[in-house]
Amino acid sequence: MIRDQAEGLRELVKRSKDFAAKARPARLARIISVTSGKGGVGKTNVVVNLGIGLARRGSRVLVIDADLGLANVDIVLGLTSRYNLYHVIKGEKKLQEIIVDGPEGLKVIAGGAGIRELANLSNSQRVQFIASMSELDDYADIILIDTSAGISQNVLGFVLASDEAIVVTTPEPTAIRDAYGIIKAIALENKDAKIRLIVNMAANPQEAEDVASRIEMVARQFLDIGLDKLGYILRDPAVPESVLKQKPFMVAYPTSKASKCVEVIADRLLGLSEEDTFKPKGFKGFIFKFVSLFKKGVA
Ligand SMILES: Nc1ncnc2c1ncn2[C@@H]1O[C@H](COP(=O)(O)OP(=O)(O)O)[C@@H](O)[C@H]1O
Ligand SMILES: [Mg+2]
């Protein structure tokens with residue numbers, strides 16, 4: 001990234017963080033950006049299905065489709081929404097006014113597909129947009145942001161303003177190289193960034209582990225940062241089938257291999273890791289389920 005761009009970005013993040021700090025003394029929602037180096041690695045499917053996994057565990061989850069220009073969260077969910085981020089960026093609507101209901105309690109803010117203006121936000125539009133996300137605390141415990149692929153001001157702006165980033169890759173060498181590229185870009189701006197890794201479309205767990213370990217090692221060696229290996233999702237025909245049905249695979253194929261992998265990732269993200277699978281998780285899982293039912297007014 002050229003120097004003045006990097007400086008602009010630092011300023012952007014500082015301004016949006018200052019704004020957010022003023023707007024809310026304590027951060028309530030956990031904001032997680034999902035990004036990748038290469039396109040087509042499964043970000044949108046991860047965001048939507050992980051969102052459902054987290055919602056099932058009792059979190060109030062809001063998905064924001066910020067893949068500006070290539071937005072498609074609404075399509076994967078089979079939703080139609082009258083308003084999208086285009087109307088927010090144009091100043092016609094507020095973020096909280098365009099939230100729509102997805103399956104299983106998931107809340108969704110649709111992007112605006114194919115609108116060039118969205119893909120090339122000005123710095124001040126970006127600051128305003130990122131800052132306005134702090135108004136969403138009341139609507140969610142976890143905000144998942146589906147960002148564009150590749151290193152751009154938009155992506156880095158979202159990622160750096162988030163609490164955490166999930167980088168999605170596949171085992172393909174090109175995807176791995178580009179995942180490393182985006183991790184490097186994030187680390188250069190914020191050495192303390194919390195970066196987690198998901199290997200999608202893996203042939204088997206061993207392949208996923210090899211890919212994740214390789215990226216983690218290179219990041220440690222050359223960037224001096226630690227990565228959290230969050231998990232993997234196996235290549236599974238249930239995924240494209242669910243996309244055709246316009247239903248998340250967690251809903252359409254809840255017992256598929258891909259769904260089981262996402263369940264594990266949701267547990268890890270909430271600290272209900274595999275290691276405590278037996279007693280603690282069973283109990284915690286129960287409490288989470290209970291709380292979730294309670295929130296829905298069932299219990
Ligand atoms: N685990 C998987 N197994 C099989 N196909 C997958 C898997 N994950 C994603 N896909 C397919 O890859 C394509 C791209 O996924 P998508 O979520 O749109 O990626 P992105 O948002 O990164 O562009 C979709 O057609 C989807 O069906
Ligand atoms: Mg996508």
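Predicted model: local features only at pLDDT ≥ 70, side-chain atom pairs only at ≥ 80, totals over all residues.
An open sheet of eight strands, with mixed pairing, runs in the order E3-E4-E2-E5-E1-E6-E7-E8. Strand E3 (100-101) and strand E8 (228-234) stand at its edges, and each has a single partner strand, so one side of each is left without a neighbour in the sheet.

- Strands of a sheet pair through backbone hydrogen bonds, and the pairing can be either parallel or antiparallel.
- Strand E2 (residues 61-66) and strand E4 (residues 107-109) are an example of the parallel sense, and their pairing extends over three bridges.
- Within this pair, Leu62 has Lys107 of E4 as its bridge partner.

**Helices packed on the sheet**
- Helix H2 (residues 43-56) packs on the sheet and touches strand E1 (30-36), E2, strand E5 (142-149), strand E6 (164-169) and strand E7 (194-202), while its direction makes about 175° with that of E5.
- Helix H12 (residues 257-269) also packs on the sheet, where it touches E7 and E8, and its direction makes about 165° with that of E8.

**The pair H2 and H12**
- These two helices also pack against each other, at an angle of about 60° and with their axes 9 Å apart.
- H2 and H12 are therefore oblique to each other, and their crossing is right-handed.
- On the side of H2 the contact is made by Asn49, Leu50, Gly53 and Leu54, and on the side of H12 by Val262, Glu263, Ile265, Ala266 and Leu269.
- Sorted by class, the residues of this contact of H2 with H12 are six nonpolar, two polar and one charged.

**The pair H8 and H9**
- Helix H8 (residues 173-189) packs with helix H9 (residues 205-223) at an angle of about 35°, and their axes lie 11 Å apart.
- H8 passes H9 in a right-handed crossing.
- H8 contributes Ile176, Ala179, Tyr180, Ile183, Lys184 and Ala187 to the contact, and H9 contributes Val211, Ile215, Val218, Ala219 and Leu223.
- The residues of the contact of H8 with H9 comprise ten nonpolar, no polar and one charged.

Terms used
Residues numbered from 1 in each chain as written. Chains lettered and ligands numbered in written order. Pairing = 2+ DSSP bridges. Helix = DSSP H or I, 4+ residues; strand = E, 2+ residues; numbered from the N terminus. Contact = placed C-beta atoms within 7 Å. Axes fitted to C-alpha atoms, helices over the stretch in contact; angles between N-to-C directions. Left-handed = near helix turned anticlockwise from the far one by under 90°. Nonpolar A, V, L, I, M, F, W, Y, C, P; charged D, E, K, R; others polar. Parallel < 35°, antiparallel > 145°, perpendicular 65-115°, else oblique.
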